[in-house]
Amino acid sequence: MAKSVSISQSPGPTHHDDGGHTGQEKGAGPVTEDSSRAAWLQQARSYLRNADPVLARLIDDRPAFDPRAWLTQLPPMDLYGALLFQVTGQQLSVPATRRTLARIQALFGGQLPAPAELLAVDPGQLRQAGLSWRKISTLRDLAERLSDGRLDPDVLSTLPDDELMAELTTIPGIGPWTVQGALLIALQREDVVLPGDLALRKAVQAAYRLDHLPSQQEVLAIAEKWRPYRSLATSYLFSAAFEPAEAPPTAQLGSA
């Protein structure tokens, strides 16, 4: 299956195979307050350090690591914006995704469009911005469902991970990787893993010194011990791939 990349070059969803397993179950909700976030992060790091010696090394190598720093490089996104972002990044290089997203934002006054705003423009303008007709169809289908009441973004945002996945993957062109990225970016869910993400699979191969690229099922099996902190563990693995610390060469990964 085709690989794809999202816009961010820092830790976060990058390369994907959107036909794979979801890896999601009922996830923890977002943690929003700074004080509780710091306490949660300390607890999560301690848990992961004790649960997995590979992650213990990655955590110890990065004492000042902020697992959400990469999010600050992205434009503000609600659930629809995050799904638009992920769909745009399917089967594109990072530079191509950046260019396309910038052209889309330019159509809407420098912002990502709301569903009604996307439906109001001529699809040909979206095509000129760099979206394929398939992606335009996907984004319009999603926008129509959010605009006519078939989908309620407030309700969607409160659904457990697996139920949200089931709702959104019924839309042609939206697969597990796309929804997983939205879970991380827009909803900040804490127990998300992206087994179909090629960059994550490569990071796992490097960090765990595997002699082969792990399958999605192998990634999910390794990630079992990370519950309920799979998002944080994933962030550390992306960091090992994109921002190697002063650590043994096995913690480093070449360009994906």
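Predicted model: local features only at pLDDT ≥ 70, side-chain atom pairs only at ≥ 80, totals over all residues.

Residues are numbered from 1 along each chain as its sequence is written, and side-chain values use heavy atoms, with hydrogens and water left out.

Helices here are DSSP runs of H or I, at least four residues, numbered from the N terminus. Axes are lines fitted to C-alpha atoms over the stretch in contact, and angles run from 0 to 180 degrees between N-to-C directions. Contact means heavy atoms within 4.5 Å. On the helix 9 side we have Asp161, Leu164, Met165 and Leu168, which meet Pro176, Val179, Gln180 and Leu183 of helix 10.

The second pair is helix 3 (residues 79-89) and helix 7 (residues 133-147), at an angle of about 165 degrees with their axes 10 Å apart. Helix 3 and helix 7 are therefore roughly antiparallel. Helix 3 brings Tyr80, Leu83, Leu84, Val87, Thr88 and Gly89 to the contact, and helix 7 brings Lys135, Thr138, Leu139, Leu142, Ala143 and Leu146.

Now the backbone. Most residues other than glycine have a negative phi, and most peptide bonds are trans. What kind of peptide bond joins arginine 227 and proline 228? A cis one, with omega about 0 degrees. Proline 228 sits in the loop between helix 12 and helix 13. Glutamine 91 has a positive phi, near 60 degrees, and lies in the loop between helix 3 and helix 4. Arginine 209 has a positive phi of about 55 degrees, in the loop between helix 11 and helix 12.

Last, the inside. A cavity is a set of points on a 1 Å grid over the protein atoms alone where a 1.4 Å probe fits but cannot get out; lining residues have an atom within 4 Å of a point. The largest cavity holds about 140 Å³, volume being the space filled by probe spheres set on the points, which are joined across faces, edges and corners. It has 15 lining residues, and the closest to its centre are Pro67, Arg68, Leu184, Ser231 and Ser235. Helix 13 gives the largest share of that lining, five residues.

How values were computed. 1 Å grid on protein atoms, 1.4 Å probe; cavity = no way out; pocket = protein on both sides within 12 Å on 5 of 7 lines; lining within 4 Å. Helix = DSSP H or I, 4+ residues; strand = E, 2+ residues; numbered from the N terminus. Parallel < 35°, antiparallel > 145°, perpendicular 65-115°, else oblique.
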